[in-house]
Amino acid sequence: MGRLFVAIGDSFTEGVGDWDTRLPNGVRGWADRVAKQLSKADPEWRYANLAIRSRRLGRIVEEQVEPALAMGPEVISFYAGGNDLLELRQDMGRLLDDYTDAVERLCASGALVLLFTGFDVPLHPLLEPFKRRNWVFNARVRELAARHPNALLVDYWTWDVYRDRRMWDTDKLHMNRAGHRYMAIQILNLLGVRHQLEFEPFGARERLGPVQLASREFEWVREWVLPMFGRRLRGITLGDRLEPRWPEPIRPADGLKKLYRRRRAQQQATSPTRA
C-alpha cells in the first residue's frame, strides 16, 4: 500500500492563497508541495487532502477525522480552530476541550501528527480581541505537542519571516504562494526529508506614506473584513459548495496536475448527457 500522508483542516491546509486553476478547488498550497517532495524522496508515498476552506473545528472533526484515520496514515497534519477564533461569540473553554479531544484521537492512532500554532497576523484594531484568543489557543497547542511523543509542533507563531506582508494574500489572513512555499520547506525540514524546494528572500520593502497606508487599510476592511462577517451573520461560508481536493489517496509521483486532469475527464465521461 505504501506510506500515506493525510492533511485535514480548513483553508490553511486546503491551500487558499496559493491559487492554481489547474488543481482541485483552484489552489495548490503547502500540503501539495510537501506531498510532492515526499514522493520524490520515496515514490511509494501516497497523499490525501480532506481540508475545506471556512470549516470550523466541529465540522472538521465530524467530517474529516474518522475518514482520515480509516486510511491508516503514517503522517497526519491537523490545523483547525482558526475560523472558530474569528466567531463574534466563542466559548474558549469548550473550543479548547474539543480541540484537545481531537488531538487525543489523532495521536492515539500511532501516526505522526503535525500540530500548528497560529501566526500573530497584524490586524486592524477592530480585530485585536481575536488575537488574544489566538494566544490562548497557541498555548494549548504547545501543551498538547509536548504531551504526545508522536506529535510534532509546527510553531508558525515564531517564524518572523511571516511579518513581511509579501508572504500574505490580499485578504491578510491567508498565505500567498510565497507563504505556502516557505511553510512547505519548514515542514519538510522538521520531518527530516531531503527536498528540492528553495525560498528566495525578498528585496527591500516598498515604503508607503500614512495616506497610502490608511487607504489600503480602508480597502481591506471594505473588501474582506465586512464581507467575511456578513457571511458569518448569514450562516454561509466560502466552502459550502466545495468537496475535498484529494478525498482518496493518490500517488503524487504520478503528477498532481495529471491526476486532476484524469479525474475531471472521468467525471465528464460519467456525467449524464443533456437531451
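User: Before the rings: what makes two of them pair here?
Analyst: Rings of Phe, Tyr and Trp (its six-membered ring) pair if their centres lie within 6.5 Å; planes under 30 degrees apart count as stacked, over 60 as edge-to-face and the rest as tilted. This is a predicted model, where local features need pLDDT of at least 70 and side-chain atom pairs count only at pLDDT 80 or more, while totals for chains, interfaces and linings use all residues. Residues are numbered from 1 along each chain as its sequence is written, and side-chain values use heavy atoms, with hydrogens and water left out.

User: Which residues do ring pairs link into a cluster?
Analyst: The cluster consists of Phe12, Trp30, Tyr79, Phe116, Phe119, Tyr156, Trp159, Tyr162, Trp168, Tyr182 and Phe199.

User: And how many aromatic pairs does the structure hold?
Analyst: There are 19. One of them is Phe12 with Tyr79, stacked at 3.9 Å centre to centre, with 20 degrees between the planes. Phe12 sits in helix 1 (residues 11–14) and Tyr79 in strand 3, 67 residues apart. Helices (H or I, at least four residues) and strands (E, at least two) are DSSP runs, numbered from the N terminus.

User: Is Phe12 buried or exposed?
Analyst: Phe12 is buried, at 7% relative accessible area. Buried means under 20%, exposed over 50%, partly exposed in between (1.4 Å probe, protein chains only). Tyr79 counts as buried too, at 15%.

User: What about Phe119 and Tyr156?
Analyst: Phe119 and Tyr156 form a tilted pair, 5.6 Å centre to centre and 35 degrees between the planes. Phe119 is in the loop between strand 4 and helix 6 (128–147), Tyr156 in the loop between strand 5 and helix 7 (177–191). Phe119 is buried at 5%, and Tyr156 is buried at 3%.

User: How many bridges join strand 4 to strand 5?
Analyst: Four, and the two strands run parallel. Leu115 has Leu153 in strand 5 as its bridge partner.

User: Last one: where is Val6, and what does Val6 touch?
Analyst: Val6 is in strand 1 (residues 4–9) and is buried at 0% relative accessible area. Leaving out residues up to four places away in sequence, Val6 touches Ala48, Ala68, Met71, Pro73, Val75, Ile76 and Ser77; contact means heavy atoms within 4.5 Å.

Technical notes. Pairing = 2+ DSSP bridges.
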